[in-house]
Amino acid sequence: MVAAILLFAAVVGAILFAATFFRGRRADRLTAYAYLAPTLVMLLVGLVYPGVRTIYESFFNAAGNAFIGLDNYKTIFTDGDQLTVLRNTVFWVVVTPFVATGVGLLYAILVDKARLESFAKALIFLPMAISFVGASIIWKFVYEYRPDQANVKQIGLLNQVLVWLGGTPQQWLVTSPLNTFLLIVVMIWIQAGFAMTVLSAAIKAIPEDIIEAARLDGVGPWGMFRFVTLPAIRPAVVVVLTTIGIGTLKVFDIVRTMTGGQFDTSVIANEFYSQSFRSDNQGLGSALAVLLFLLVIPIVVYNIRQIRRSEAL
Amino acid sequence: MTTTTPPATVPVLEAEKPTAAAVAKRKLTSPWASLAAIVIAVLWTLPTFGLLVSSFRPQRQIKTTGWWTFFSDPQLTMDNYRQVLDAESGAGLGSYFVNSLVITIPSVLIPLCLATIAAYAFAWIKFPGRNILFLAIFALQIVPLQVTLIPLLTLYVDAGLANTFWTIWLSHSIFGLPLAIYLLHNFMREIPAGLLEAARVDGAGHVAIFFRVLLPLMRPALAAFGIFQFLWVWNDLLVALTFAGGGNKVAPITVALANLSGTRGTAWHLLSAGAFVSIIVPVTVFVLAQRYFVRGLLAGSVKG
C-alpha cells in the first residue's frame, strides 16, 4: 500500500520536476501536457477503451466468438426474465427519485429553523455514510420473517408491527412485485438525506426580503411554499431528482445483498453482473451495460441543460 | 454537475439560532408539522438502532426474540463482535477490515495527486485543446462503471495484475479522476488570478506557485473530494466483487459481508455485528468531516 502511494507520488514529483526544464515559447504548452499525461493515459486505458470495447462485445454471442448483431438487445426486450428486469428498473427509477426528494424536501422544510435542527438533520443524513451492503442488512433485519406459530416470536420489526395490529406475518422479500418496492425503500432511506441537504441549502439561500415581502402581502404558509419556496428551489429540485435517478439506475448492491435478484427482483445493473460473471454470457452482459449507459445519457443531458439555463438567468 | 445553490453561504449542518418567538409560533401553529418531522426521524433511525441493539445481544436471544425485548430483559455481550472478527471461530471479518483500509487509502491519494496537477493545468495554463479536453473529461463522468468492467478485467489479467490490490487501486483511481478534476478545477478557478500574477512577478515557476500558493488554499476542495472518494471506495461492492470477488485474499469488508448475508442469511448475531464493524469507519469519517462533505455535495457532485 505504502509502495503504491510512494510510486504515484514519485511519478507526480518527477513530472513536476521535469516540467521545470521546459523553456521558451512552448514551455507552457509542454508543461500542461506533462501535467495531464498520467491522467489522460489512465482515462483512455481505463474508461474510454473499455467503454468502446464493451459496445463492440455487445454484438457478440455468449462466448464472445461469433457476431450476432442485435440479438442480445432483442433478448433484453423479448425474453420473459429480461422483461421483468426492465419492469423492475422502471419501478425503481420512477419511484425512488420522487419519493426520496419528496421526503427530503418535506423534512428540510419541517426542521428549518427548528430547535435541534442540526441534530434532526444528522439523523436523516447518516444513512448516506453507510454502505449499500450495510443498509441492506439493516433492512433485511426489519423484513425478517418467522413462521406464524404460537411459540415462535417475530424478530423482524415489520412483521412484529403487523402481528401487533392483528395480522399474520409475511415473507416480505418473496412476494413479487411487492418485494421490489421493499428494496426501493432501502434506496429511498439512503438518498433522502442527500435530497434534504441540497434542498435545505437552497431554501436557506432564498433572499430574506422576498420572504418578507410575501409575508407582508399576507401570503400563508402553503402559498409561501407554492409561490415563493418552490419556484426559488426548482433548479435544485431538478438536480436532486436527476442525480438520484442516475444513482438508482445503477443500483446493484441492494438487490444483490437482499435477494440476489431472486423472486423477480433483478434490475439492469444486477442482471449485468449475473449475466457477465455468473452465467458467463458476456455478450448479454455487455448489452445490458450499454443499455444502462444509453439510459443514463438523457438524464445527464437534461440535468446539464437545466444547470446551464438556471445559471444563464 | 453543479447545483445552483451558492456553496459556501450556509454551513448546512450548523444550527442556526432560531428566535424564541419563531420557535414558539411554529410550535403553536403547527403541531402536525412537528409530528411529521418526528415520525420521519424515527423511521430513519429505528432500523439502524434495532440492528445495533441486536449486535450486543446474546446469540440465543437474537434468534428467539425481537430486539425490542432488550428493554424488558437487557442482556449485553461482546461475543458477536469477537466471533465475527475472529478468523478461527467465526467469519474472520478482521482481515477483510484491514483489506478495506489497504484498498481505500491509496484509492483516495492516487487520484488526488493526479487530479490536482491536471486541474492546475486546466485552470492556469493556456494550451491548445484545453476546452475540448476538459469537456471530454467532464463528460466521462457519465460512463457507468458497468460498461468498463469486463474489458478492464481482461486487461488486468493480461498485465498479470489479477488478484492483487493493484486492480482495485487503479480502477477506483480511474473512476474517481473525472469528478476529482472537475471539482478541483472549479475550485481553482475561483482563486483570484492576482495571487498567481504576484507570485509570477516574484519569479515563481509553475511548481513553486503550485506548492506555495495554490496547495494551501486548496485544502477544503481536496478534503471534499477526499471524503467523497473515501466513502465511495469504502462502501463499494461492485468494483471489489469484480476484481477481488470469490473469497479472494484482497477482498474488502463489503464483499465479505455481502457473502455472509447470502450464505448465512439467518446468522443475525454475525450479520448485525459485522454490519457495524463495516459501518464504523465511514460513519466516523463522515461525522468528523461532515462540513467538507456537505460542501462537496453542494459544489455539485455525486459520483454515479
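**Loops and their backbone**

Tutor: A:Phe263 lies in the chain A loop that runs between helix H11 (253-258) and helix H12 (268-278), where helices are DSSP runs of H or I with at least four residues, and strands are runs of E with at least two, numbered from the N terminus. This is a predicted model, in which local features need pLDDT of at least 70 and side-chain atom pairs count only at pLDDT 80 or more, while totals for chains, interfaces and linings use all residues. Residues are numbered from 1 along each chain as written, chains are lettered from A and ligands numbered from 1 in written order, and side-chain values use heavy atoms, without hydrogens and water.

Phi of A:Phe263 is near 55°, a positive value in a residue other than glycine, and phi of A:Asp280, in the loop between H12 and helix H13 (282-312) of chain A, is likewise positive and near 55°. With 39% relative accessibility A:Phe263 counts as partly exposed, whereas A:Asp280, at 54%, is exposed (buried is under 20% relative accessible area, exposed over 50%, partly exposed in between, with a 1.4 Å probe and protein chains only).

A further loop, between helix H7 (157-164) and H8 of chain A, holds A:Pro177, and the peptide bond that reaches A:Pro177 from A:Ser176 is cis, with omega near 0°. These features deserve a look because most residues other than glycine have a negative phi, and most peptide bonds are trans.
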